[in-house]
Amino acid sequence: MGDKFTWDDEVRGLGRRERNGRASWIVQFRVGHKQRRKKLGENLSKGQARKLARKYLAKVELGEDPVEVEQQNRKDAKFTLKALAADYLEVK
């Protein structure tokens, strides 16, 4: 069975997605020609989800792609001194 979405009336792009019996808050937005969807969390109140969605949407309004920034941050974290030291010690 597919995803079921319930969209918020107050914050455009904020929705509640039900998938496999579990529900989570998501924010959906467009950056240029890319349609993006970001999971915000499962155990958030509607107020918390709205606040977080507004934060992401404000970044989009300023021309940033928050999903791409988070992906780049995860890639960069792989090359921290701690990560490199762990890799080195594993080889030794």
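This is a predicted model: local features need pLDDT of at least 70, side-chain atom pairs count only at pLDDT 80 or more; totals for chains, interfaces and linings use all residues.
Two strands count as paired if DSSP finds at least two bridges between them. In strand β4, Lys-34 is the bridge partner of Val-31. The protein holds four strands and three helices. Along the sequence they follow the pattern β-β-β-β-α-α-α.

**Overall shape**
- The radius of gyration is 17 Å, well over the 12 Å that the globule rule gives for 92 residues, so the protein is more spread out than a compact globule.
- The C-alpha trace spans about 55 × 35 × 25 Å along its principal axes.
- Of the 92 residues, 25% count as buried.
- The accessible surface comes to about 7,200 Å². Carbon and sulfur atoms account for 50% of that surface.
- Take the contacts between residues at least 6 apart in sequence: 33% of them join residues at least 24 apart.

**The sheet**
- The four strands form an open sheet in the order β1-β2-β3-β4, and the pairing is antiparallel.
- Strands β1 (4-7) and β4 (34-41) are the edges. Each of these edge strands pairs on one side only.
- From one strand to the next, the twist averages 35°.
- Helix α1 (residues 46-61) packs on this sheet. The helix touches β2 (14-19), β3 and β4.
- The direction of α1 makes about 20° with that of β3.

**Strand pairs**
- Seven bridges link β3 (residues 22-31) and β4 in the antiparallel sense.
- The bridge between Val-31 and Lys-34 involves a residue of β4.
- Strands β1 and β2 also run antiparallel, joined by four bridges.
- Phe-5 has Arg-17, in β2, as its bridge partner.

**The β1-β2 hairpin**
- Strands β1 and β2 form a hairpin, with six residues between them.
- Gly-13 sits in the turn and has a positive phi of about 100°.
- Asp-8 also lies in the loop between β1 and β2.

**A closer look at Asp-8**
- Is Asp-8 buried or exposed? Its relative accessibility is 12%. Buried means under 20%, so Asp-8 counts as buried.
- Leave aside the neighbours within four places in sequence, and Asp-8 is in contact with Leu-14, Lys-46 and Arg-50.

How values were computed
Residues are numbered from 1 along each chain as its sequence is written. Side-chain values use heavy atoms; hydrogens and water are left out. Helices (H or I, at least four residues) and strands (E, at least two) are DSSP runs, numbered from the N terminus. Axes are lines fitted to C-alpha atoms, for helices over the stretch in contact, and angles run from 0 to 180 degrees between N-to-C directions. Contact means heavy atoms within 4.5 Å. Buried means under 20% relative accessible area, exposed over 50%, partly exposed in between (1.4 Å probe, protein chains only). The radius of gyration is taken over C-alpha atoms; the globule rule is 2.2 Å times the number of residues to the power 0.38. Accessible areas come from the Shrake-Rupley method with a 1.4 Å probe; for residues, only the protein chains shown count as cover.
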